[in-house]
Amino acid sequence: MELSAQQMDELKELGNIGASHAANSLSQMLMSPIDMTVPEVVLIDIADIADYIRDEIAAIVIFEIQGELSPGGYVGLYMPRDSAIRLTNTMLGSTDMDREFNEMDESALLEVGNIMISQFLDATATLLDIVMIPSPPDIAIDMAHAVFETIISQVASDINSIILFKTDLRSTEHEIQGAIMLMPDYTTLNEILTLLERMIQG
Amino acid sequence: MTAIGLGSCIALMLHDPKRSIGACAHIMLPESGGKCDRPGKYADTAVPLLVEELIALGGVKRSFVAKIVGGASMFSNFQGKLNIGERNIEAVRAHLQTHGIPITAEDIGGTVGRTLQYNPLNGGTISVKRADGSCSEL
């Protein structure tokens, strides 16, 4: 699989629009400004995933992309352990950092993920003029690499490289950072590229 | 050799204790379905690959032993789709049995990720660190 520089740019722009909607919803929930990086689009060989994602503990809320594109792939909200705790502390009115994740944390993270990823998918789908709906979410609080390789094994059964699509979000006030990661299925990626191409020629 | 953050994937270490040599594969899926471009990725192609490579290094097949780590179930709601850890374990076991290679140690299944280090020179010891903070030696 290879992507041209222009296709990479188109994907970045698509991610940018989706992520800014997601960032906006996080900003409203935290009542605090959120900074966002320009999205990165990288083509990663499955043998090199560990160069990008390590085994630090993180909270990952994951959704399957459903709707017109099926199987669509996966989209997730990634948050390092300390950021995830700070986020739920902010929401639940606690300050205790030195604790384990409990059920309240998990449901708060699921809810934040749900709102942000729905915004992300809705904005990208509207732009592409298709229907993309997130499945009910699931959450894993574990080594980031262990979680992502499990998802990647689903989208990379026939291919040896995946497109990872990543935007970092940061709240300086609350010291919270996270990322939205999109791992489209191969056919979905091609479909998205075709739609983008058509839009530009328009 | 190191395998970082194993989730549903399996690290298969094939070890020849008499010669202190070993080979390791990071297996992602149970079946290759006839694809042969990445033999280490699938259980059915990784087992014969490691056997060949270890023989090429001077190993003798009848003394080979296997250790396996990984195959966790990382999600609770997505079980049907993402629970390939279990299928990976079964496939690796079946292919090792076909080759008559015994499994002498394993740390598999469960719901947590694992990182491991394997040193063929040091008696083939494997140190495993789990996401819940626990550690063990295989």
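**View 1. A:Asp129 sits in the loop between H3 and strand S5 (132-134) of chain A.** Helices (H or I, at least four residues) and strands (E, at least two) are DSSP runs, numbered from the N terminus. This is a predicted model, in which local features need pLDDT of at least 70, side-chain atom pairs count only at pLDDT 80 or more, and totals for chains, interfaces and linings use all residues. Residues are numbered from 1 along each chain as its sequence is written, while chains are lettered from A and ligands numbered from 1 in the order in which they are written. Phi of A:Asp129 is positive, near 60°, and the residue is not a glycine. Most residues other than glycine have a negative phi. A:Asp129 counts as exposed because it has 10 C-beta neighbours inside 10 Å. The cut-offs, with C-beta atoms placed from the backbone, are 20 or more other C-beta atoms within 10 Å for buried, 12 or fewer for exposed, and in between for partly exposed.

**View 2. B:Ser20 lies in the loop between strand S2 (10-16) and strand S3 (21-27) of chain B.** Its phi is positive too, about 50°, and B:Ser20 is not a glycine. B:Ser20 has 13 C-beta neighbours inside 10 Å, so it counts as partly exposed.

**View 3. Helix H1 (residues 5-30) of chain A packs on H3(A).** Two packed helices are described by the angle between their axes and the distance between the axes. Here the angle is about 145° and the axes are 8 Å apart. Axes are lines fitted to C-alpha atoms, for helices over the stretch in contact, and angles run from 0 to 180 degrees between N-to-C directions. H1(A) passes H3(A) in a right-handed crossing. Right-handed means that the near helix is turned clockwise from the far one by less than a right angle, left-handed anticlockwise. H1(A) contributes residues including A:Leu14, A:Ile17 and A:Gly18. From H3(A) come, among them, A:Val112, A:Ile115 and A:Phe120. Contact requires C-beta atoms, placed from the backbone, within 7 Å. The residues of this contact divide into 13 nonpolar, 5 polar and no charged. Ala, Val, Leu, Ile, Met, Phe, Trp, Tyr, Cys and Pro count as nonpolar, Asp, Glu, Lys and Arg as charged, and the others, Gly among them, as polar.

**View 4. The largest nonpolar core has 100 residues.** A core is a set of buried Ala, Val, Leu, Ile, Met, Phe, Trp, Tyr and Cys residues joined through C-beta atoms within 7 Å. A:Ile60, B:Leu12 and B:Ile27 have the most contacts inside this core. Helix H3 (residues 103-128) of chain A gives the largest share, 8 residues. Beyond its neighbours within four places in sequence, B:Leu12 is in contact with residues including B:Cys24, B:Ile27, B:Leu50 and B:Val92.

**View 5. Chain B meets chain A through 23 residues, which are in contact with 20 residues of chain A.** Strand S1 (2-6) and helix H2 (79-82) of chain B are the elements that give two or more residues to this side. S1(B) gives the most, with 3 residues. This side of chain B divides into 13 nonpolar, 7 polar and 3 charged residues.

**View 6. Chain A has 5 helices and 8 strands, and chain B has 3 helices and 8 strands.** Of the 202 residues of chain A, 45% count as buried. Of the 138 residues of chain B, 49% count as buried.

Methods. Contact = placed C-beta atoms within 7 Å.
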